[in-house]
Each structure stands twice: as structure tokens, then as C-alpha cells.
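Keep the sequence and the model side by side while reading. The text below goes from one local feature to the next.

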Amino acid sequence: MTKPLLLNAFEMLVPVHQSPGLWRHPDSQAGRFAQLGYWTELARALEDGGFHGIFFADVLGQYDVYGDSADEAVRGGVQYPALDPLLIVSALAAATERLGFGVTASVTYDHPYLLARRFGTLDHLTGGRVAWNIVTSYQESAARNLGLDTQIPHDERYDRAEEFMDVVYKLWEGSVDDGAVVADAASNTFLDPAQVRGIAHDGAAYRVPGPTLVGPSPQRTPLLFQAGASARGRAFAGKHAEAVFFASSTPAQARKYTDGLRAELAAAGRAADSVAVFNLATVIVAETDETAAAKLADYERYVDTDAALALFAGWTGVDLSGLDQDAPLEYIRSEANQSALAQFTTLDPDRTWTLREVAKFVSIGGRGPVIVGSPTTVADQLEQFAEEGGVDGFNLTSAVRPADLLEFARLVSPELRRRGLLAETQTASGAAATFRETVLGAGPRLADDHPGRRAAAVVREAVPTPAVPSPAA
């Protein structure tokens, strides 16, 4: 029997996330995306429905590749306007007890010292229910708005990411000991200075003497997500990730990815089961297969093809405007999101996609499969992805937001529970689990074979460096 599945809602603080045009559907509440109540209501409903987390995507620029303009994306509300997902996590944690929160943040446009503080703070305030989706970013518009003439080349972004990770590991894992907070009134000591140390990082991109501003949190390092199908992305995941997010359209495609990931883990000296794999999926469910099919047909009346192509162009850096819609799509190496284009080209050698097919596919559910049917049919297909594709769970997105997620919780979750396929979200003692415990089924901290643990040892073995240079320096 397939082991219990992990379920995240795949969301974004935008009017249109993965299904352009569906904001116009009568059942859509996407217009409430900027209201806190929308998200707290959704979080509570997801937790009641057995979901384990909400995974928040994020981008730092507009999608302005299609037709060399952002107009189509702006018109369609395609991931614009976009609110900052980090700022909502505390409120959602206060509204729930067990739900985890994965938040996307870029190593290209942030600083490791500041990011370590923000995620350390959230790990404290959520009781260890936070994860970081590590991205290198892919938009030219983001690069220009953040002070660059053009974006950093794809592989160079990953080189920079390696040093970024080294810094945050040192801050989270090695800078302050677990026993540093003594709160000893008799000696007038709150933190033991002997258990607080600088990290003395002096690298190519960052100079961080340390120490961290945030003491040890429940997980220390947040659960680490990563998404990337390029050669560099896979190698990065094999070294750093504890959970990966991938958009495969078939179980066979998923198996190709998961087998490759296990090889990367072995190359990095990590256990084959040290990473959980989440596949993107959009589920349209109703009481019967026929009713679900009718629901999909209704949804298709609202799709916005031009906005979908603007979304695709933003992902890939490839402008398909003005081209023959029946021409085959070919792989073009760009400095954008290489995994998005690879999904429709090199990762599926048995299929040739035309531009028209790509637009239709992306219009509902973005890059992932659309699973349509009764609760039994949906559960069967999810189980097939797990058994044949080797995935551990799903990042589930709504075509009509949030209706499709709520219907999944109402109809599919009970069927998964009946089959023993919905994992629990608490420890054996009954206490709420950290997000790492929920996803990996192990302890709240990084595994011993993770590079973050080795970075901590380097800091502890080094000669302590003062956090602030002396006046004589």
C-alpha cells in the first residue's frame, strides 16, 4: 500500500495564480486576495481538511516578456499585484494549530543575514511551522527593479546561492548554542556570552562576522524546499533540499525526476529518503465523474488564453506572441526558469507540444496535471502518481479560488483518510509537530548528513570572532 500522502495548498497572494481568466467565475473569491480574512478562513478550512501546509509562491517583478510588454499580464491580473507572503505567516499561524507554511524567498535579491533573521523569527512565532522555498529568481523585470542592468546568468545565480546557504547555515546552526538562554536572575545573566559566537564569514559575495540576531528556534533552520529541473537546480536540491516541488504532468515524467533526484542525493552523500517530493496538481472534484467533467467544461468558458501565454512567457523568458500557434515548441536555453520550458520539451521526449496546446494546458492549472472526477477517481490518480511516480505528496492549486481547494477538503480528504492515505500532523505525544517532523517524519532539526549541520561544526570549531570590531581595529 502507498504510504500516507502529504498535502500542501499551492497559493500566492495575487488575484491570478495558475489559471488565468478564472477570477471571473461566479464562484471565485480571488478578488479578496488582499484581505487577511480570506487567508485565515482558508487556512482553518485546510487544516480541518487534513492539509499539512500552505506553500506560497512569490515573484519580485512583472511578467513583461509576452509581446515585450507587461500589459497582458496586468490586464489579466496574472501574478500582479503581488503581496509579500512573509508578512502573512504570523497571522495564519495564530489562526491554526498544526498547518505549516512554506514561503518563497530569493537568494539573488536578499541578504543572508537579514533572511536568517526573518525566518528565525517566523520559526519562533509559528512554533516551528515554517519552511523556506529557496529560489534564485528568473525575471528580468525583478533584476532591473533591484538595481541590475540585467539578471545574473542562471548558473552564476546558483554559484551565489551556494555561498548564501553557507552563511545562513552558520547563522542558524552554529552561532548560538541551544543552552545559551539561561535566564539566571541570581547571576544577572539572560544569555551566556560563552555560548554566542560570530561566524567569521568572508566570502566572494558576502562578509558576515555575525553572530545571528535570532536565538535557536524550534527547527533552527526552517524546512528547506527547492524547485528546479535544470542540471544545476537538481544538483542544488540534492545537496540542500529537504523537500522539492516539481511540476510533472504524468506519473512517468514524475518517476524520471524522482529517480534523478535520488541519484543527486547519493552523489551528495545523503540518504535516498532524506527529501520529500511534492508534485503540482489541480484537482476539480464533484460527487460524480460526470458532474466533475461538467464543472471543468464550465471552467473552460472563462479561460484567458492571452494571459496564459503571458504567464508562460514570464516563466520561460520565451515570447510566443505573433507566432504560428500550430508550430512545435522547441527548447531554447534562457536565463529564466529553465525547468518551466523543459517540462514541455526535453523532459517529455514522447510528446511534441504546439504553441496552441501549451496555451490550453497552462490556462487551467498552470504547469501541472489537471485531475478531474469523483473523490474515488481523484484518489486513484493521486495514488497512481505516488506509486508509479515516486512522489510523496502534492502542492494543490485551485482553478477557481478557493472553491477547488475547499471541495478537495470536503470530498477527497475523507476518501484519502478511508484509504489510510492522509498523514497525521502531530507527534506521537499528541503535540503539534514542526513542519520538518510533519514532512520528513523525523526530528525537528536538520539530519546529521545535511550540509547545514557540517557548517555548524565549522563555526563551533573556529576561533570566536567578535560580533563588533574593537575601537582599536
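Is glutamate 41 buried, partly exposed or exposed? The model is a predicted one, and in it glutamate 41 has a relative accessible area of 43%. Glutamate 41 is therefore partly exposed, because that class lies between the 20% limit for buried and the 50% limit for exposed. Its side chain meets that of arginine 32 in a salt bridge, with 3.4 Å from N to O.

A search of the whole structure gives 28 salt bridges. One of them joins the side chains of aspartate 202 and arginine 207, also at 3.4 Å from N to O. Here aspartate 202 is exposed, since its relative accessibility is 56%, and arginine 207 is exposed too, at 66%.

Another salt bridge has buried partners. Arginine 419 and glutamate 415 bring their closest N and O atoms to 2.7 Å. Arginine 419 counts as buried because its relative accessibility is 17%, and glutamate 415 is buried with a relative accessible area of 10%. These two residues belong to a network of salt bridges that also links Asp380, Glu383 and Arg418.

Next come the aromatic rings. The model holds 15 aromatic pairs. Among them, phenylalanine 51 and phenylalanine 408 are arranged edge-to-face, with 5.6 Å between centres and 70° between planes. The two residues are 357 positions apart in the chain: phenylalanine 51 is in the loop between α1 (36-48) and β2 (53-56), and phenylalanine 408 is in helix α14 (residues 403-418). Both are buried. Elsewhere, Phe10, Phe55, Phe225, Phe245 and Phe278 make up one aromatic cluster. A ring can also face a charge: the charged end of arginine 367 sits over the ring of tryptophan 315, at 5.7 Å from the centre of that ring.

The last stop is a hairpin. Strand β5 covers residues 181-184, and it pairs with strand β6 (residues 189-191) in the antiparallel sense over two bridges. Four residues lie between the two strands, and in the turn asparagine 188 has a positive phi of about 55°. Valine 181 in β5 has leucine 191 in β6 as its bridge partner. Valine 181 is partly exposed, because its relative accessibility is 46%. Together with Phe190 and Leu191, Val181 forms a nonpolar patch on the surface, with about 290 Å² of accessible area in total.

Methods: Residues are numbered from 1 along each chain as its sequence is written. This is a predicted model: local features need pLDDT of at least 70, side-chain atom pairs count only at pLDDT 80 or more; totals for chains, interfaces and linings use all residues. Side-chain values use heavy atoms; hydrogens and water are left out. Patches are made of residues with over 30% relative accessible area and no salt bridge: like charges are joined within 9 Å, nonpolar side chains (Val, Leu, Ile, Met, Phe, Trp, Tyr) within 5 Å. Accessible areas come from the Shrake-Rupley method with a 1.4 Å probe; for residues, only the protein chains shown count as cover. A salt bridge is a side-chain nitrogen of Lys or Arg within 4 Å of a carboxyl oxygen of Asp or Glu. Buried means under 20% relative accessible area, exposed over 50%, partly exposed in between (1.4 Å probe, protein chains only). Rings of Phe, Tyr and Trp (its six-membered ring) pair if their centres lie within 6.5 Å; planes under 30 degrees apart count as stacked, over 60 as edge-to-face and the rest as tilted. A charge sits over a ring if NZ of Lys or CZ of Arg is within 6 Å of the ring centre and within 35 degrees of the ring normal. Two strands pair if DSSP finds at least two bridges between them.
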